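Please open the model in your viewer and keep the sequence panel beside it. The stops below say what to select next and what is to be found there.

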Amino acid sequence: MGIGVSIILIAVGAVLAFAVHASTSGFNIHTVGWILLAVGALGILLSLIFWSSWGGVGGRREETVIHDRY
């Protein structure tokens, strides 16, 4: 799950938790919203942790130097 998906989950969760004023029996929409907010926040945190360890595009380069000894 990338940062984009996590942001979408946070947005959908915030809408369900704060903006929807509907009531159903046996299914709490606000709880689902809070769960989506938490999963999105956890996804962003994990994406940032693993992205920093990956190095990204053009990250670490290894250069081998060969010295000739005569």
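## First stop: G33 and its partners

Select G33 together with G13, L16 and A17, the residues with which G33 is in contact once its neighbours within four places in sequence are left aside, a contact being heavy atoms within 4.5 Å. This is a predicted model, in which local features need pLDDT of at least 70 and side-chain atom pairs count only at pLDDT 80 or more, while totals for chains, interfaces and linings use all residues. Residues are numbered from 1 along each chain as its sequence is written, and side-chain values use heavy atoms, with hydrogens and water left out.

G33 is found in helix α2; helices here are DSSP runs of H or I with at least four residues, strands are runs of E with at least two, and both are numbered from the N terminus. G33 has a relative accessible area of 0% and is therefore buried, where buried means under 20% relative accessible area, exposed means over 50% and partly exposed lies in between, with a 1.4 Å probe and protein chains only.

## The whole chain

Now zoom out and colour by secondary structure: the protein has two helices and zero strands. Helix α1 covers 3-19, and helix α2 covers residues 29-54. Of the 70 residues in the protein, 16% are buried. The protein exposes about 5,900 Å², of which carbon and sulfur atoms supply 66%, with accessible areas taken from the Shrake-Rupley method with a 1.4 Å probe and, for residues, only the protein chains shown counting as cover. Among contacts between residues at least 6 apart in sequence, 54% join residues at least 24 apart.

Next select N28, which sits in the loop between α1 and α2 and is partly exposed because its relative accessibility is 44%. The side chain of N28 makes a polar contact of 3.1 Å with the side chain of T31; such a contact is a pair of N or O atoms within 3.5 Å, and within protein one must be able to donate a hydrogen and the other to accept it, with residues adjacent in sequence counting only if both atoms are side-chain atoms. From N28 to A17 the C-alpha to C-alpha distance is 9.7 Å, across eleven residues of sequence.

Move on to I29, in helix α2, which counts as buried at 16% relative accessibility. Its C-alpha is 7.0 Å from that of A17, twelve residues away in sequence. With neighbours within four places in sequence set aside, I29 is in contact with L16, V20, A22 and T24.

V32, also in helix α2, is partly exposed, with a relative accessible area of 28%. Under the same exclusion of neighbours within four places, V32 is in contact with L16 and F27. A14 lies 18 residues from V32 in sequence and 9.9 Å from it in space, C-alpha to C-alpha.

## An aromatic pair

How many aromatic pairs are there? The count comes to one, under a rule that pairs rings of Phe, Tyr and Trp (its six-membered ring) if their centres lie within 6.5 Å, planes under 30 degrees apart being stacked, over 60 edge-to-face and the rest tilted. Select F18 and W34: their ring centres are 5.3 Å apart and their planes stand at 85 degrees, so the pair is edge-to-face. The pair links distant parts of the chain, with F18 in helix α1 and W34 in helix α2, 16 residues apart. F18 itself counts as exposed, at 52% relative accessibility.

Select S6 in helix α1, which is buried, with a relative accessible area of 0%. Not counting residues up to four places away in sequence, S6 touches M1, G40, G43 and I44.

Then select S47 in helix α2, which counts as buried at 13% relative accessibility. The side chain of S47 reaches the backbone oxygen of G43 at 2.8 Å, and beyond residues up to four places away in sequence S47 touches M1, G2 and I3.

## Last stop: a surface patch

Finally, show the surface of L42, L45, L46, I49 and F50, which form a nonpolar patch with about 500 Å² of accessible area together. Patches are made of residues with over 30% relative accessible area and no salt bridge, like charges being joined within 9 Å and nonpolar side chains (Val, Leu, Ile, Met, Phe, Trp, Tyr) within 5 Å; a salt bridge is a side-chain nitrogen of Lys or Arg within 4 Å of a carboxyl oxygen of Asp or Glu.
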